[in-house]
Amino acid sequence: MSFNKIFFGFLILTFSAFSQYGGFAGSYSRLGTSAFSVSVGNAVMSNAKYISNGIANPALLPFMNKTNISATTNFLSLDRKLFNFGFSKNIKPSAGFGITAIVSSTNKIDGRDNDGFHTEDYSITEQQYILSFGNKIGKNFSVGMNAKIFYAKLFEELTSTTVGFDFGTLYKINSTTFVAFVIKDINSSYKWDTSNLYNESGNSTDNIFPTLNNFSITKLFLDEKLIVSAEVEKSSLIKNYIFRTGASFEINKILKLQTGFDRITFEKNNYLTFSGGFIINFEDFVKDLSLEYSFGNEPFNLFSRHVLTINYNL
């Protein structure tokens, strides 16, 4: 059986399921960290033709051709904010590294007393600071690791600072086919201690991040103008598998279009997310500058999510 048949069989399988995911610690970091990533359903772990940082898979970094600086903002409802900033660089002859900061917050949380009267507005923040490194082992295989610092604050007296890791691999089967295996959020959790707030009534609590095992396939068609990816993910905290898939098509040197599906699974409830977007390259005006835009539905929200990313390659 040819690899193309296996690839398309896997792709069809992703469309035959339904979806549900979320509800665990660190969910903001699983929403997608660039407009391109969101627009293709976050199916980017084996896409060696689009690399802006090492968050999805640090093993992609050695395949970078240029230094990249990126900034992403999300337009979300319910007073939520999500930003990230990244710097990634190829290190000759066979390595690459990246630094990324992700900042999430929710504001205007209505605080009330026992009688139901408003007291004050609260806000919470969650942050990640990620150091990524990848290195090729041979011409077509690479490995990489993310070291991540997690910081979260619920109140001034209640914060958590912890460390977690990702491990990724990437294998280039041929000039048009890439596969990847990535383990995300190893040893990742929030650790809370409320003894400062409640004295003897306080206790310690661990909110564990799900450890995610991912397998990804990317295939290039039409002289690399069409890029199609599909992924399967197994979480340590839920029984079912999650599927996602996406595609990008280059209209010309200026414009690329994307679409994708995320949170596809074999479950009765359907929480599938659909997304789309585009990339505009400004090479005629500012060399190596591009603007990405994506939109997508949120399963439990009446409003769509919109994402903007600015990329500059040095």
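Strands are DSSP runs of E spanning at least two residues, numbered from the N terminus. The legends below describe a predicted model.

View 1. Thr 162 belongs to strand 6, which covers residues 158-174. Because its relative accessible area is 7%, below the 20% limit, Thr 162 counts as buried. Its side chain approaches the backbone oxygen of Ser 189 at 2.6 Å. Beyond residues up to four places away in sequence, Thr 162 touches Lys 148, Ile 149, Phe 150, Ser 189 and Lys 191.

**View 2. The largest nonpolar core and the contacts of Phe 209.** This core comprises 14 residues, of which Tyr 28, Leu 82, Ile 102, Tyr 190, Trp 192 and Phe 209 touch the most other members. At least two of the core residues come from each of strand 5 (141-155) and strand 8 (189-193). With neighbours within four places in sequence set aside, Phe 209 contacts Ala 25, Gly 26, Arg 30, Phe 150, Asp 185, Ser 188, Ser 189, Tyr 190 and Leu 237. Another core, of twelve residues, lies apart from this one and includes Ile 51, Phe 63, Phe 178 and Ala 180.

**View 3. Antiparallel pairing of strands 12 and 13.** Seven bridges link strand 12 (residues 241-250) to strand 13 (residues 255-264) in the antiparallel sense. A hairpin of four residues connects strand 12 to strand 13. Glu 250 has Lys 256 of strand 13 as its bridge partner.

**View 4. Antiparallel pairing of strands 13 and 14.** Strand 13 also pairs with strand 14 (residues 273-281), here over eight bridges in the antiparallel sense. Asp 262 is bridged to Thr 273 in strand 14.

Notes. Residues numbered from 1 in each chain as written. Predicted model: local features only at pLDDT ≥ 70, side-chain atom pairs only at ≥ 80, totals over all residues. Heavy atoms only, no water. Pairing = 2+ DSSP bridges. Core = buried A, V, L, I, M, F, W, Y, C linked by side-chain atoms within 4.5 Å. Buried < 20%, exposed > 50% of the residue type's maximum accessible area, 1.4 Å probe, protein only. Contact = heavy atoms within 4.5 Å. Polar contact = N/O pair within 3.5 Å; in protein donor to acceptor, adjacent residues only side chain to side chain.
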